[in-house]
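Me: I am new to reading protein models, and I would like to go slowly through some features with you. Could you take me through them one at a time?

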Amino acid sequence: MMSMKNCRLCPRMCGADRTKNVGYCGAGAKVKVALVSLHPWEEPCLVGEKGAGTIFFSRCNLRCCFCQNFPISQGAVGAEITDERLAEIFLEQQERGAANAELVSPTQFAPQIAEAFALAKERGFSLPVVYNSNAYECTETIDLLKNTVDVYLPDLKYIDEESARKYSDAPNYFAVAAAAITRMAKQAGKIVFDKNGQLIKGVMVRHLVLPGHRKESMRVIDYLWHTFGNDIQISLMGQYTPMHRAAEHKNLRRRLTTFEYQSVIDYAVNLGITQCYVQEKSAAAVDFVPDFNGDGVI
């Protein structure tokens, strides 16, 4: 397991001794979880009959000003648990009939997660494991998960350095994320769906189109297409909702227009992309933000 005394899990390389303090992400040495749920609002290939088996981890190594999950990503919401309890949670999600075990914002706890899955597999855990991350990842951390993760679900938030720094305090975001996603694709291979259309192996990249940034989104799509083709699944998200500190930035104070989102979709179609999800406009609502009430954690 990577050391919690000199943390180098993410590209910030802050070197925090997490057994005594916290690093940039705000995480200590023990896993912290805010919600365990069956989540019906993920992409169709992830939800199955009863929902994706989401486990929402607390803290994050980004500071997205528009984060919908800010109470847990940048706040103190959540409860600390042992690796053994995390293994039990994975098994409980399987017993509930979850389509998978989906780890939401897991980067800061990657070593503990790998250990917990090893314990769970000894006790009969067999669901696909989905790693839902912001892609601000070290390739070494991805390597750590080689025998743990089946499906990688990274964001690719930005291609412009100015956007990454301004909205997420994420220097060198695109170069870091591109390297991480490349490593994910190499490790997981081409996308594989089972007979019911559920994604069981591979990479699905999410991209949230931001208001005033449709041209940047087109460049993101260009990169994904010319790098991976249809070997990955893409999810073009139009659900942007001004939350948290979004109002501090003029471009982000409003919702996405139909024209902005549709123009990005049209661009993807014209490139020849077929492995792509799009959203209905109704997805842009606070009603879809989970209630981080601690259900299923303790």
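Predicted model: local features only at pLDDT ≥ 70, side-chain atom pairs only at ≥ 80, totals over all residues.

Me: Which residues are closest to the centre of the largest pocket, and which elements give two or more residues to its lining?

Reply: The largest pocket contains about 1200 Å³ of space. It is lined by 48 residues, of which Glu 42, Gln 68, Arg 206, Met 237 and Gln 239 are the closest to its centre. The elements that contribute two or more residues to the lining are strands E2 (52-57), E4 (101-104), E5 (129-133), E8 (199-208) and E9 (233-237), along with helix H2 (70-73). By class, the lining of this pocket has 22 nonpolar, 19 polar and seven charged residues.

Me: Now to charged side chains. How many salt bridges are counted, and which parts does the pair of Glu 43 and Arg 206 tie together?

Reply: To read a salt bridge, look for a side-chain nitrogen of Lys or Arg within 4 Å of a carboxyl oxygen of Asp or Glu. By this rule the count is 11 salt bridges. In one of them the side chains of Glu 43 and Arg 206 meet, at 2.8 Å from N to O. Glu 43 lies in the loop between strand E1 (31-39) and helix H1 (44-47), while Arg 206 lies in strand E8, so the pair ties together parts that are 163 residues apart in sequence. Glu 43 is buried, with a relative accessible area of 7%, and Arg 206 also counts as buried, at 7% relative accessibility. Glu 42, Glu 43 and Arg 206 are linked in a network of salt bridges.

Me: What separates the partners in a salt bridge such as that of Glu 88 and Arg 85, and are these residues buried or partly exposed?

Reply: Glu 88 forms a salt bridge with Arg 85, with the closest N and O atoms 3.1 Å apart. These two residues are three residues apart in helix H3 (residues 83-95), so about one helical turn separates them. Glu 88 is partly exposed, with a relative accessible area of 36%, whereas Arg 85 counts as buried at 15% relative accessibility.

Arg 165 and Glu 161 give another example, with the closest N and O atoms of their salt bridge 2.6 Å apart. They are four residues apart in helix H6 (residues 161-168), and are likewise separated by about one helical turn. Arg 165 counts as partly exposed at 49% relative accessibility, and Glu 161 counts as partly exposed at 33%.

Me: What is the nearest side chain of opposite charge to Arg 59, and how far away is it?

Reply: Arg 59, in the loop between E2 and H2, is buried yet has no salt bridge, and the nearest side chain of opposite charge, Glu 80, is 8.3 Å away. Leaving aside neighbours within four places in sequence, the contacts of Arg 59 include Cys 25, Ile 72, Gln 74, Ser 105 and Gln 108.

Me: What is the relative accessible area of Leu 46, and which residues does Leu 46 touch?

Reply: Leu 46 lies in helix H1 and is buried, with a relative accessible area of 0%. Not counting residues up to four places away in sequence, Leu 46 touches several residues, among them Ala 52, Val 130, Leu 153 and Met 204.

Me: Lastly, what is the phi of Ser 105, and what is the phi of His 244?

Reply: Phi of Ser 105 is near 55°, a positive value in a residue other than glycine, and Ser 105 is found in the loop between E4 and helix H4 (110-122). Phi of His 244 is also near 55°, and His 244 lies in the loop between E9 and helix H9 (258-271). Ser 105 is partly exposed, with a relative accessible area of 26%, and His 244 is partly exposed, with 31%.

Conventions: Residues numbered from 1 in each chain as written. Heavy atoms only, no water. 1 Å grid on protein atoms, 1.4 Å probe; cavity = no way out; pocket = protein on both sides within 12 Å on 5 of 7 lines; lining within 4 Å. Points joined across faces, edges and corners; volume = space filled by probe spheres on them. Nonpolar A, V, L, I, M, F, W, Y, C, P; charged D, E, K, R; others polar. Buried < 20%, exposed > 50% of the residue type's maximum accessible area, 1.4 Å probe, protein only. Lys, Arg positive; Asp, Glu negative; His and termini not counted. Contact = heavy atoms within 4.5 Å.
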